[in-house]
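Dear colleague,

I am passing on the structure below, and I would be glad if you could look through it alongside the notes that follow.

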Amino acid sequence: SWKYVLKEKSADMIHVLQFPYNGEPPRGRLVETEITPNEDHFVRNHGGIPEIDPEEFFVDVEGLVNNPKKISLKELQDESIFPRMSTTVTLQCSGTRRIEQIHEYPGDGDELINAPWGEGAIGTAKWTGVSLKKVIKYCGGLKEGGQHVEFFGADTYFKKGQVYNYVVSVPTRKMKINEVMLAWEMNDKPLPKIHGAPLRVVVFGYIGARSVKWLYKINVIEDPSMAPVQMKEYLYYSPQVGKHNATYSNGFSIQTMPVSSAIMTPVNHDQIIHDGKIKLTGWAYSGSGWPERVEVSGDGGSIWYEVPYNKMSRKYFHAWRIWEYEMPVDAEGWLEFCVRTWDNALNTQPTYVRSAWNWDLHVTSSCHRIKIYSIN
Ligand code: MTE
Ligand code: MO
């Protein structure tokens with residue numbers, strides 16, 4: 001029920017939508033720790049929160065595997081059958097920082113799909129469970145042609161008068177490299193119900209949408225899932241595509257998160273009295289690698305300062321880095337601060353929001369810009 005939902009989350013979560021519950025933590029607190037406390041981890045829901053008894057629970061593995069099986073949670077947790085896996089992984093919603101795209105141009109205005117997220121739809125946890133690769137092996141391995149894995153969530157949602165199930169897929173090659181896990185613990189605690197208990201998928205480096213919560217079925221198939229969430233949502237359109245010409249075939253399906261970053265303190269439009277220096281904090285993330293260099297600017301991006309290595313949190317293969325920087329500032333008045341990140345493959349961020357505006361308002365990965373009133 002509603003009360004139960006709130007009990008699992010911090011009282012000061014910013015509700016991006018009231019129902020279904022969609023919330024992100026206050027900006028500054030998110031970057032105080034490398035590992036996000038469970039209560040502060042953002043929540044993205046499309047529909048209701050299913051009630052599942054872990055004692056009765058099993059996951060159904062079917063489709064292009066040699067021995068389809070129903071596997072109980074107890075079996076999954078039996079270390080004589082499955083080696084346990086723990087990995088620190090950042091989950092990021094492809095809607096993170098969408099509010100900036102909405103300000104540019106609002107898209108189709110569907111609130112449920114285009115939830116107006118700020119910079120907090122990202123969080124990092126140590127997830128514990130099993131590698132999906134081992135589960136598929138336990139089911140006799142893939143049959144020929146098994147190129148995609150479809151995940152079914154037990155929740156349902158409404159869109160434009162129709163009821164949908166939450167179903168998506170990822171390529172099997174992603175699980176072959178042990179980057180897909182089935183998790184029942186979050187930061188050494190039982191997975192909270194709102195984060196998908198008893199069992200959820202965690203796909204490293206992909207948009208959060210592929211990490212299905214309340215998982216009850218895994219189906220190995222030849223082509224990407226035909227389910228509406230896979231086929232019609234999470235498409236990346238070119239800036240020329242809009243209401244008049246958006247079809248589900250002129251956008252491509254988003255999987256890996258690109259490199260992105262955000263300034264979390266100060267907050268856009270703050271007024272700051274200071275002594276020649278302003279401290280910035282934030283996060284940096286890359287779904288295909290890890291952030292190697294973070295640069296900040298106090299003049300809208302003419303002069304960039306590199307965040308020193310010792311002001312960035314440690315490197316994980318599948319997680320963000322948080323950073324801080326004390327910037328010398330002698331100007332007064334409204335200043336534009338911004339951040340950009342380079343990852344290990346030298347990918348960096350588009351310069352402006354408008355450089356990568358897209359009809360479904362996904363993946364706002366441009367340099368994050370804020371305006372601060374400086375009083376020196
Ligand atoms: N799984 C189910 N079953 N239903 C959902 O609505 N939302 C997805 C994904 N898994 C969703 C889901 C999206 S869009 C994101 S970003 C992540 O869950 C968010 O995970 P979290 O709520 O644990 O932070
Ligand atoms: Mo998402």
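In this predicted model, the chain falls into domain 1, covering 2-253, and domain 2, covering 260-375. To their contact, domain 1 brings 46 residues and domain 2 brings 34 residues, while the C-alpha centres of the two domains are 27 Å apart. Between them an area of about 3,700 Å² is buried, with 61% of it coming from carbon and sulfur atoms; on the side of domain 1, Glu-34, Arg-97 and Gln-101 lose the most area to domain 2, together accounting for 20% of what that side buries.

As to the polar side of this interface, 19 residue pairs are in polar contact across it, whereas the number of salt bridges between domain 1 and domain 2 is zero. The residues with which domain 1 touches domain 2 comprise 16 nonpolar, 18 polar and twelve charged ones.

In the structure as a whole, 19 salt bridges were found. One of them joins the side chains of Arg-97 and Glu-100 at 2.8 Å, N to O, and both of these residues are buried.

Lys-315 and Glu-292 also form a salt bridge, with 3.3 Å between the closest N and O atoms; because Lys-315 sits in the loop between β19 and β20 and Glu-292 in strand β18, this pair ties together parts that are 23 residues apart in sequence. Lys-315 is partly exposed, at 33% relative accessibility, as is Glu-292 at 28%.

Finally, Asp-12, Arg-29 and Asp-40 are linked in a network of salt bridges.

With best regards

Methods. Residues are numbered from 1 along each chain as its sequence is written. Chains are lettered from A and ligands numbered from 1 in the order in which they are written. This is a predicted model: local features need pLDDT of at least 70, side-chain atom pairs count only at pLDDT 80 or more; totals for chains, interfaces and linings use all residues. Side-chain values use heavy atoms; hydrogens and water are left out. Domain bounds come from an automatic or database domain assignment. Contact means heavy atoms within 4.5 Å. Buried area is the accessible area (1.4 Å probe) that two parts lose on being put together, summed over both. A salt bridge is a side-chain nitrogen of Lys or Arg within 4 Å of a carboxyl oxygen of Asp or Glu. A polar contact is a pair of N or O atoms within 3.5 Å; within protein, one must be able to donate a hydrogen and the other to accept it, and residues adjacent in sequence count only if both atoms are side-chain atoms. Ala, Val, Leu, Ile, Met, Phe, Trp, Tyr, Cys and Pro count as nonpolar, Asp, Glu, Lys and Arg as charged, and the others, Gly among them, as polar. Buried means under 20% relative accessible area, exposed over 50%, partly exposed in between (1.4 Å probe, protein chains only). Helices (H or I, at least four residues) and strands (E, at least two) are DSSP runs, numbered from the N terminus.
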